[in-house]
Amino acid sequence: MGTYAIPGNTDNEDIAIGPGPVPNVSYLYVGDIGDNGLTRANIKVYQIPEPFVYERQYTNPVTAR
């Protein structure tokens with residue numbers, strides 16, 4: 001439904017949705033954990049409030065013919 005950039009990430013391997021610090025707000029958890037070259041000293045997990053998808057962002061492939 002949308003594409004969003006996360007500044008600073010390098011190799012996303014997983015994504016999940018769940019609760020966070022603000023009640024009634026869903027958060028995306030993005031695991032920047034890829035390291036096939038075994039060169040990373042650290043990994044990161046980003047916690048981001050789930051972005052809202054606006055109607056104008058989404059084109060229904062069934063009705064957009």
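Ile-43 is found in the loop between E2 and E3 (strands, E, of at least two residues, and helices, H or I, of at least four, are DSSP runs numbered from the N terminus). The model is predicted: local features need pLDDT of at least 70 and side-chain atom pairs 80 or more, while totals for chains, interfaces and linings use all residues. Residues are numbered from 1 along each chain as its sequence is written, and side-chain values use heavy atoms, without hydrogens and water.

**Exercise 1. Determine the order of the strands in the sheet and state which strands stand at its edges.**

Step 1. The sheet is open and consists of three strands in the order E1-E2-E3, with antiparallel pairing (two strands pair if DSSP finds at least two bridges between them).

Step 2. E1 and E3 each have a single partner strand and stand at the edges, so one side of each is left without a neighbour in the sheet.

Step 3. Consider next how E2 is covered. Strand E2 comprises residues 26-32, and five of its seven residues are buried, so the rest of the structure largely encloses this strand (buried is under 20% relative accessible area, exposed over 50%, partly exposed in between; 1.4 Å probe, protein chains only).

**Exercise 2. Find how many bridges join E2 to E1 and how many join E2 to E3, and identify residues that stand opposite Leu-28.**

Step 1. Strand E1 covers residues 12-19 and runs antiparallel to E2, to which seven bridges join it.

Step 2. Strand E3 covers residues 44-49; this strand and E2 are likewise antiparallel, and six bridges join them.

Step 3. Leu-28 in E2 stands opposite Ile-17, and Leu-28 also stands opposite Ile-48 in E3.

Step 4. A further pair involves E2: Ser-26 in this strand stands opposite Pro-19.

**Exercise 3. Locate Asn-24 and Leu-38, and decide whether each is buried or exposed.**

Step 1. The loop between E1 and E2 contains Asn-24. These two strands form a hairpin with six residues between them.

Step 2. Although Asn-24 is not a glycine, its phi is positive, at about 65 degrees. Its relative accessibility is 85%, so Asn-24 counts as exposed.

Step 3. Leu-38 belongs to the loop between E2 and E3. This residue is not a glycine either, yet its phi is positive, at about 55 degrees.

Step 4. Leu-38 has a relative accessible area of 74% and is therefore exposed. Ile-43 is exposed as well, with a relative accessible area of 52%.
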